[in-house]
Amino acid sequence: MKKALISGISGQDGSYLAELLISKGYEVHGIVRRASVSNTRRIDHLLHPGEMRGEFLQLHFGDVTDSSRLAALIDQIEPNEVYNLAAQSHVQISFHEPVHTSEVVALGALKMLEAVRNAGAGHTRFYQATTSEVYGNVNISPQDEKTPFHPDNPYACGKVFAFHQVRLYREAYGLHASNGILFNHESPRRGHNFVTRKITRGLARIVAGRQDKLLLGNLDARRDWGHAKDYVEAMWMMLQQASGGDYVIATGKSHSVRDFLDTSFGLLGLDWSDHVDIDPKLLRPIDVNEFIGDFSKARQAFGWEPKISLQDLAREMVMTDLLHEDVDPAQFDL
Ligand code: NAP
Ligand code: F7E
C-alpha cells in the first residue's frame with residue numbers, strides 16, 4: 001500500500017486530496033496544527049469520531065515551521081509521496097503578516113524538502129503547491145510555464161522562493177519534485193474570506209434574512225476559477241510521471257468578480273447591485289488585474305483537463321450555502 005503525507009490536510013485542497021488518495025487505496029497521513037478549537041471540520045468524515053485517525057487516514061500534530069518535527073514524521077512514516085499544501089494562503093492577509101506568511105510559505109516548503117532529502121528518501125516524490133500569484137501583473141496573457149514571475153504580494157514572493165527551491169532540489173539532488181502552478185480553485189469547502197465563498201455564503205445569508213449587505217473590494221479583478229476537486233487530481237497525476245516537472249493547472253477562461261456575482265445571484269433570480277456595497281478596506285495595496293492560465297503542458301503530458309464549469313461550481317457552492325443557512329434550495333429553479 002502506498003503512503004502519502006499531506007501538510008495542510010485540514011484546508012480546502014488537503015481535504016479533497018485526502019479523499020482522492022484514500023479512494024486510490026493509499027494510506028494517508030496528515031499534519032495538523034494544534035488549535036484551541038477543532039480545525040479538522042473538512043476531514044472529520046474521514047476520521048473515527050473523536051479520534052485523530054480513521055481507517056485509512058492518520059493525523060499527526062505538527063507545523064511546517066518546525067524542522068525537527070518534519071524530519072521525525074518523514075522518518076517515521078516513510079511516505080512514497082509528500083504533498084506540501086500548508087500555507088497562510090490569503091493574499092490580503094499576507095500584506096498584514098508578511099513575516100509569518102514567508103515563514104510558512106517559503107521556509108516551510110524548504111524545511112519539508114530538507115526533511116525529505118535528509119531522510120535519504122530516494123523513493124519519496126514531492127509536490128509543491130505553487131500558485132498563479134507568482135506571475136503577478138506580468139502583462140503576458142495567458143500565463144504558462146515559461147511566463148516570467150513578477151510576484152505582487154508577500155504571499156506570492158514566498159511562493160516564488162519555494163518554487164525555485166523545488167526546482168533546485170530536483171536539479172541538484174535528483175529529487176522527484178514538482179511544482180503545480182495552480183490558478184484559483186474553489187468549492188463549497190473554500191475558506192469564508194475568499195471572494196467566491198464570501199459571495200455564495202453572503203448570498204445564502206441574505207436570503208435567510210441573517211445578513212443585510214455584502215461588503216466587497218475590487219469587483220473588476222479577473223480570475224481563472226476552477227473546481228478544487230479537479231485540481232487535486234492534477235496534483236496526484238504530476239507525481240505519477242516518470243520525473244518531476246512544473247505544470248500550470250487552470251481552465252483557460254477568466255471572469256471578473258462582477259461576473260461571479262452575476263452568476264451566483266442570478267441563480268436565485270436576484271440583482272446583486274441591490275445587496276453589495278464596496279468597502280475600501282478590502283482593496284489591496286496592489287491587486288492583480290487578470291489571471292488566465294494555459295494548461296496545454298499538463299494536458300499533453302498526462303491528459304489533465306478541468307471537468308467542472310464555473311456555472312456548475314457556483315451552483316454547487318450556492319446550494320451548499322443555502323443548506324447551511326437552513327434554506328431549502330428546492331424553492332429556487334437551480
Ligand atoms: P487553505 O484552505 O487556506 O488551507 C491551508 C492549510 O495550511 C490549512 O490546512 C492550514 O491549517 C495549513 N497551515 C497553515 N499554516 C500552517 C503551518 N504553519 N503548519 C502546518 N499547516 C499550516 O488553502 P487551500 O486553498 O487548500 O490551498 C492549498 C495550497 O495550495 C496552499 O499552499 C495554497 O497557497 C495553494 N494554492 C491555493 C490555490 C487556491 O486557489 N485554493 C491556488 C494556488 C495555490 P489550519 O486549518 O490549521 O489553518
Ligand atoms: O480574491 C477580489 C480580490 O481572495 C480574488 C488564494 O487561494 O487564489 C487565491 O488568491 C479577487 C482579488 O483570491 C473581495 O481583490 C474583491 O482580486 O478570492 P481571493 P486570490 O487573492 O486570487 C490564488 C491563486 C492563491 O494562490 C491564493 O492562495 O477578488 N475581491 N472583493 C475580494 N477578495 C476577497 N478575499 N474578499 C473580498 O471581499
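A backbone N or O atom of Gly 217 sits 2.8 Å from a nitrogen atom of ligand 2, a polar contact in the sense of a pair of N or O atoms within 3.5 Å (within protein, one must be able to donate a hydrogen and the other to accept it, and residues adjacent in sequence count only if both atoms are side-chain atoms). The model is a predicted one, in which local features need pLDDT of at least 70, side-chain atom pairs count only at pLDDT 80 or more, and totals for chains, interfaces and linings use all residues. Residues are numbered from 1 along each chain as its sequence is written, chains are lettered from A and ligands numbered from 1 in the order in which they are written, and side-chain values use heavy atoms, with hydrogens and water left out.

Helix 6 (195–207) and strand 8 (214–216) are the elements that give two or more residues to the shell around ligand 2. Helices (H or I, at least four residues) and strands (E, at least two) are DSSP runs, numbered from the N terminus. Around ligand 2 there are 23 residues, with Ser 89, Thr 131, Tyr 155, Arg 284 and Asp 287 coming nearest; a residue counts here if one of its heavy atoms lies within 4 Å of the molecule.

Turning to ligand 1, 24 residues surround it, and Ser 10, Arg 33, Asp 63, Ser 89 and Tyr 155 are the closest. The backbone takes part through Gly 11, with an N or O atom 2.9 Å from an oxygen atom of ligand 1, and through Val 64, with a polar atom 3.0 Å from a nitrogen atom of the ligand. From the side chain of Arg 190, an N or O atom lies 3.1 Å from a nitrogen atom of ligand 1. The protein covers 89% of the 910 Å² of accessible area that ligand 1 has on its own. Two or more residues each come from helix 1 (12–23), strand 5 (125–131) and helix 5 (154–173), and strand 5 gives the largest share of the shell, three residues.

How far apart are the end C-alpha atoms of helix 5? They are 28 Å apart, which agrees with the 28 Å that its 20 residues should span at 1.5 Å a residue, the expected span being 1.5 Å times one less than the number of residues. Among the buried residues of helix 5 are Pro 154, Tyr 155 and Phe 163, where buried means under 20% relative accessible area, exposed over 50%, and partly exposed in between (1.4 Å probe, protein chains only). The buried residues pack against helix 3 (91–96), helix 4 (98–118), strand 5, strand 6 (176–182) and strand 11 (246–249). Just after helix 5, Gly 174 takes a positive phi of about 70°.

Elsewhere, Glu 325 lies in the segment after helix 10 (310–324). Glu 325 is buried, with a relative accessible area of 9%, and its side chain makes a polar contact of 2.7 Å with that of Arg 210.

Definitions and conventions: Accessible areas come from the Shrake-Rupley method with a 1.4 Å probe; for residues, only the protein chains shown count as cover. Contact means heavy atoms within 4.5 Å.
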